[in-house]
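Let's take a walk through this structure together, with the working rules stated as we go. Please keep the viewer open beside the text.

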Amino acid sequence: MTCRIASSHGRRFAVAAVSVVVLSTSAGRAQDVTESSLKAAFVYNFAKFTEWPADVLSPTATFAACVLGDSPTRDALDRIVKGRQLSGRTISVSEVQLGVGLRSCHLLYMSGVTKTQITAIVAAVRGVPVLTISDTDDFARGGGIAQMFVENGKIRFDINLDVAKESRLQLSSKLLALAAHLRGGPGAQGW
Amino acid sequence: MIKIRRGRVALVLVLLLAAAPRAAAQAPLPDLSLEELMTMDAGRVFGASVRLQPVTEAPASVSFITAEEIARYGYRTLADILRGVRGMYVTNDRNFSFMGTRGFGRPGDYNSRILLLVNGHRVNDNVFGQAEVGAEFGMDPALFERVEIIRGPASSLYGDSAFFAVVNVITRSGASLDGASLSVDGGTLGTRMARASAGRRFADGVDVAVAGTYEASAGVNQLYFPEFDTPDTNHGIAEGLDGERAGQVYGQVSFKNFTFTGAYGRRQKDVPTASFGTLFNEHHPPEQTTDRHTLVDAEYSRTIGANHVTIRASFDQFSYDGIYPFLGETPGVPLVGINSVLGTSWTAEARLTRALPGRQLLTAGGVFIDNVNQDQGLRYVGPVGQVFLIDHSSVQQAVYVQDEIKLTRWLIANGGLRYDAYQDFQRVTPRAALIAIPSSNQSFKYLFGQAFRAPNQYERNAFYFGEATGSLRPESISTHELVWERYLHDWLRTSVSAYWYKAAGLITQVPDPSTFLATTYVNGQDVVAKGLELEAQMRLGAGFQGLVSYSLQRAHDVETSQTLVNSPEQMMKLRLSVPGPSKRSFVSAEVLAMSSRRTLAGNTLSPTATANVTITAPIGPAFMLVGSARNLFNAEYADPVSDQNLQDAITQNGRTLRIGVTWKFLSK
């Protein structure tokens, strides 16, 4: 088959269209990361936007990030923290078992565990400065601090500020502003 | 001449690739802001296992297209979306769009080997079994949240039609629409479109979405068909007979555990090709088809303890009217045939997903379908006469079970089985998968599956094709597939997939002088195919994203060893979206290339490459300007068509342009 030569107008349009690469801020991503990498990045960000009381996390202490029941996210978190620090502190990531030394974690991410187990864990660390994070339904409502969920393919999160305060954790206003739902504090909504 | 065209396509490729390194180096995930992380897709798929799961764990090779991509690439039909998907191609006979995949795109088949779902509910009609993917689909892509493409057989979950692939369209909620919008656009070929949509999730959790779209196009004003080039038939020129008009309404309400979805779409197409032996360039009346789809769907979905329960009831209605002007006895007065089809069905479905000891996840369900109408008729007007009328109805039911076992931390076994009972036959179809996930960013899958496609009511139409088609049996397929998916540095995904399938007893049209249409259907053809598909998807800094895929497929007839008709051996697709000159604007381009295809008459069509470009640019906070050019370089190419046409191949549209504006208001 033959082909007509496109008008010079069309060609100019094409060249202009494809060669213009001006940098600006971005939006919208597609299928190029795994859910566990993305969750690990959220977990890291939650830690970045939280302040622990000095008595449990001195400026020179190692930050203890604990993962329960989700080894892919543990692996992803391991990769993320490599060569990174949290306010000058090195980060250690460890996989923990139910009921063992959870109170010595600064951050505890749990996934793939039953609601009964979650209730027990949340009760065990109640009042202790442990930033609890999970992707289990009703986690924040049931006494956890940060709950991730997927909506329209993207990760959203809820924050229970009452529990955070009780645990003497200071969450940044930025984190609170981005939460889908917030329990406690000014501007609490949707519970 | 063709060299020039290829050269130009290569130029676009080079320019786009050259642009890549100019984008800033990709920031690692943890260096992205929370806002940016919140725009990233978590990569979950529903349709592979009738529950949300990570793509890496799904027992299939999966692609999905998001609302963001639909907007950026200016996709106006489901067919536009599917054209850009690895291993898929769409042919068009200026009446319907037909989807080909895995080297199989037999002209004259009504897309009945692809299962089309809307929010997980089957929408292939119950007469032709057709998955309508052009404007005839009846829903506007602007209302798609995402489209999941699940490759390979899935009859173990869905039964009939889940033969080569499942396409699941997930529609947008009120929260996703977030506010009201008005869009208008216009373009070449007399195209104009208007859309209004509104949606919100209220504080009490009630979510409401409503939308309506009207679109019309005059089409190509003069189409030349050399097969009709005689003085009696306007020298082969069909004038003003390529018009299309489509109207769609959509609504969804959800609260607590209930979701109600309703949609109605109507598409009318003038047919310029004089198919089915109709009069060429006839305007009184023109050959014309009208397709209508109605969907009303109510779903109750709830987690009770360790169980997730879904109960669903749906009403589907499909109707089709074809107007066919034939040569009449009085000169100048055509004999007009009107073909009417009505397909109505009620579906009730229940499903339970439950975690079991030993890290198992069990899904079990049952479906009952009452096909109230599967009616077909043909009548003539001028003079009036009913040629035939078939009032048919049937019921079918099925039960299925699927179990996923996490054998170790890195190994998943997945098995499924479904029993389908029709009035004339039963079918049991299995699927099995072994998925190894040695690290969080890599997975290997071995997939085995079978599927069937039941003879549809059109093929069983005794008036058209004789009584013998009443004894047609379901056709079947067995597929083996290996998939390797890899996620590198949190910005690059690569996928390699190799498959082999054998399809047996394919329902095939053969000549039969004794029937009304002089053809009939038999369980005739066996096809063996193997293929390799490669894909890389990347996200660089500054909003730059791209996807490149290559597929190689060899599908041949077992008896003749010939490559199938309309089966390109190679396809390459490139999609790139880069930030445009102004803030939040994007320039998105795709190049779709396909190797040569054989036609029914044994001719070979040249390789084709087409390019599409869309620019989206916000004007202030409330307006968005969209400009699109399809087939930018005006490449001339044709698609193979069925023997319903005198033509062996039908030339496709050259360059078309559209420009439009969307006004968004009342957003939170």
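Helices (H or I, at least four residues) and strands (E, at least two) are DSSP runs, numbered from the N terminus. With that in hand, please note that this is a predicted model, in which local features need pLDDT of at least 70 and side-chain atom pairs count only at pLDDT 80 or more, while totals for chains, interfaces and linings use all residues. Residues are numbered from 1 along each chain as its sequence is written, chains are lettered from A and ligands numbered from 1 in the order in which they are written, and side-chain values use heavy atoms, with hydrogens and water left out.

We can begin with two residues whose backbone stands out. B:His235 lies in the loop between β13 (222–224) and β14 (237–239) of chain B, and its phi is positive, about 55°, although it is not a glycine. In chain A, A:Arg168 also has a positive phi, near 60°, and is placed in the loop between α5 (161–166) and β9 (170–171). For context, most residues other than glycine have a negative phi, and most peptide bonds are trans. How accessible are these residues, on a scale where buried means under 20% relative accessible area, exposed over 50% and partly exposed in between (1.4 Å probe, protein chains only)? B:His235 has a relative accessible area of 43%, so it is partly exposed, and A:Arg168, at 42%, counts as partly exposed. There is a cis peptide bond to look at too: it runs from B:His284 to B:Pro285, with omega near -5°. B:Pro285 sits in the loop between β16 (258–270) and β17 (288–304) of chain B.

Chain A holds an open sheet of eight strands with mixed pairing, in the order β3-β4-β2-β5-β6-β7-β8-β10. Its edges are β3 (85–86) and β10 (181–183), each with a single partner strand, so one side of each is left without a neighbour in the sheet. Here two strands pair if DSSP finds at least two bridges between them. Between β2(A) and β5(A) there are four bridges, and these strands run parallel; A:Ala65 stands opposite A:Leu107 in β5(A).

Over all chains the count comes to one disulfide, and it joins A:Cys66 to A:Cys105 with an S to S distance of 2.0 Å.

Helix α2 (residues 35–48) of chain A has 14 residues and reaches 20 Å from its first C-alpha to its last, close to the expected 20 Å, where the expected span is 1.5 Å times one less than the number of residues. Of the 14 residues in α2(A), 13 are buried.

Moving to chain B, an open sheet of five strands has mixed pairing and the order β3-β8-β9-β6-β7. At the edges stand β3 (62–66) and β7 (121–122), each with a single partner strand, so one side of each has no neighbour in the sheet. Strands β8 (residues 144–151) and β9 (residues 165–171) run antiparallel and are joined by seven bridges, with B:Val147 opposite B:Val169 in β9(B). Elsewhere in chain B, β20 (residues 360–381) and β21 (residues 385–390) pair in the antiparallel sense over five bridges. Grid points are joined across faces, edges and corners, and a volume is the space filled by probe spheres set on the points. The whole structure has 15 cavities of 30 Å³ or more. The second largest cavity holds about 120 Å³, and among its 15 lining residues the closest to its centre are B:Met99, B:Phe104, B:Gly105, B:Arg106 and B:Asn111.

Terms used
On a 1 Å grid over the protein atoms alone, a cavity is a set of points where a 1.4 Å probe fits but cannot get out, and a pocket is an open set with protein on both sides within 12 Å along at least five of seven lines; lining residues have an atom within 4 Å of a point. A disulfide is a pair of cysteine sulfur atoms within 2.5 Å.
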